[in-house]
Amino acid sequence: MRHAHFEKFAVEGVLGILNKARTRDLQEHLQGGCASCQAYLDSAVDLTRRLPVAVDPVEPRPEIESQIRGVIRAGRPRRAHSRQILPWFRWNPVMATAFSVVLVVAAAFFLGKRGPEAPSAVLSLAQGRILVDGKAVSQGATLLAGQVISTSKGAQARVRIGNKAIFWIKENSVVRMATLDEPMLLELNKGWMLQVVRHGVSYSVKTPLGLAHAHGTVFFAMVESPQEVYFCICRDQLDIDADGIHRSVASQHHAGMELSTESGKLEFELVKPEGHTDADVASLQADLR
Amino acid sequence: MQFGEDAIWMKGIQQQGDERAFSRVYRKYSPVVMGIALRMMRDQSEAEEILQKVFLSLWERPGDFDPSRGSLPVWLAVQCRSRCLDRLRSRSRRLRHEEPVAEIPETRHRVPGALDQVELGQQRELLLKALASLKPAQAEAIRGAYFDGLSRADIALKMRLPLGTVKTHLARGLSAMLELLKGQQEDLR
């Protein structure tokens, strides 16, 4: 049996143009168990989800795939696959042994000597005690992808990544420079971090609660605790991905966004800018020129 | 089963972090995602950035794809569209346009339809054929909303029609497409 007017309501509901009274009528009708109208509504939803695949496909530039694989290999986090690897080792001991040998050889090579082509950065400012992989360094030192830079109390450092980006960390901050070639990935585990990224450069900062990605901008990140992270979009646009949620924030003059799990679930909140000033931004921009 | 290989690849990505499986998914479906992103954003660099984000998100959270709610290409298309709409909203805020852009609603767990059983190319043909059989104004409104990511107000401006007429074209166009596709799906069974 067909209910033409409810089918019409269903389509209008999917389009978001059904008024409140009719929405209520439709809901009551569906709750009454009308399988035919429910199926019609499902088909309408399915059609709107499917329609975009009818757009003409466009082959992307081949470099895009390499860039994605670069980010994957740099170890951006994945969920739920490690559990399945262990059983595989159990029933395939020959492969497991061979894999272990490869791992040991690779680890020995990379720990003993880093490749000459490894992308690098320069410590352009060092005030106070700055550690890289636990060892004290001074201004002008070359820094490599994979290294961890940390600042002690009262210390601050600026790291210039070629001509493409510069970041500044203040006291008690810890940053791992996961990749220094594009797409760049920095992991801010703790502390205060301001960055200027040239337009068009792909640059991401991962924090305990979310990943912020810019394609050229000025932005600030502060990890106050593993449950509280703050970003400020000082200029242009920042894309923030956290726990499956995507937020894109644009601002021409400081827009603060706080991510917090203190209530037990992840919350995004627009907040007042804090922790940095226009003078900080100007000073860092001058260092990249 | 045409989408059987998708299931195998997704299992490889989800359970073993299999990069080769990821590569196959990327090579098969990146043109679909790029096509949508480019059409909506009309900017190569923004479209490429969205393409990267969609596939990195598939790699990082493969469990977010639930085959009971639709096929992999449709899921990728929805992810791409949603990111494009975020960007367009952000542009629109900058330009001080307040009209929201049409959202695609979430879907419940569902029984796969006949369209899920055919190759993507054939799905596209069926959708385009259904679209071509609509009245031109209905087809234009639907293309504007679902291909270009335009708000209803933008469609009204572009078509030089009152907003209410655009809404009517959208509703009648979708209803007509549903009828046409129902007939085509019955032929496929």
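The dialogue below goes from the chain to the interface and then to single residues.

Mentor: Let us begin with the conventions. This is a predicted model, in which local features need pLDDT of at least 70 and side-chain atom pairs count only at pLDDT 80 or more, while totals for chains, interfaces and linings use all residues. Residues are numbered from 1 along each chain as its sequence is written, chains are lettered from A and ligands numbered from 1 in the order in which they are written, and side-chain values use heavy atoms, with hydrogens and water left out.

Trainee: How many helices and strands does chain A have?

Mentor: Helices (H or I, at least four residues) and strands (E, at least two) are DSSP runs, numbered from the N terminus. Chain A has seven helices and 16 strands. A residue is called buried under 20% relative accessible area, exposed over 50%, and partly exposed in between (1.4 Å probe, protein chains only). Of the 289 residues of chain A, 47% are buried.

Trainee: How is the size of an interface expressed, and what area do chain A and chain B bury between them?

Mentor: The size of an interface is often given as the accessible area lost when the parts come together. Buried area is that loss, found with a 1.4 Å probe and summed over both parts. Chain A and chain B bury about 6100 Å², and 59% of this is on carbon and sulfur atoms. Contact means heavy atoms within 4.5 Å; 53 residues from chain A and 69 residues from chain B take part.

Trainee: How many salt bridges are counted between chain A and chain B?

Mentor: A salt bridge places a side-chain nitrogen of Lys or Arg within 4 Å of a carboxyl oxygen of Asp or Glu. Seven salt bridges are counted between chain A and chain B. One of them joins the side chains of Arg73(A) and Glu19(B), at 3.0 Å from N to O.

Trainee: Which element supplies the largest share of the side of chain A that touches chain B?

Mentor: At least two residues each come from α1 (4–15), α3 (35–50), α4 (62–73), β13 (228–242) and β14 (245–251) of chain A. The largest share, eleven residues, belongs to α3(A).

Trainee: What should I look for in a pair of aromatic rings?

Mentor: Rings of Phe, Tyr and Trp (its six-membered ring) pair if their centres lie within 6.5 Å; planes under 30 degrees apart count as stacked, over 60 as edge-to-face and the rest as tilted. Over all chains, the structure holds nine aromatic pairs. Phe22(B) and Phe55(B) have ring centres 6.3 Å apart and planes at 80°, so this pair is edge-to-face. Phe22(B) is in helix α2 (residues 19–41) and Phe55(B) in helix α3 (residues 44–60) of chain B, 33 residues apart. Both Phe22(B) and Phe55(B) are buried. The rings of Tyr26(B) and Phe55(B), with centres 4.9 Å apart and planes at 70°, are also edge-to-face. Tyr26(B) belongs to helix α2 of chain B, and this residue too is buried. In chain A, ring pairs link Trp168(A), Trp192(A), Phe220(A) and Tyr230(A) into a cluster.

Trainee: Is Gln147(A) buried or exposed?

Mentor: Gln147(A) has 12% relative accessibility and therefore counts as buried. Its place is in the loop between β4 (142–144) and β5 (148–151) of chain A. A polar atom of the Gln147(A) side chain lies 2.8 Å from the backbone nitrogen of Leu144(A).

Note on methods:
Buried area = accessible area lost by both parts, 1.4 Å probe. Polar contact = N/O pair within 3.5 Å; in protein donor to acceptor, adjacent residues only side chain to side chain.
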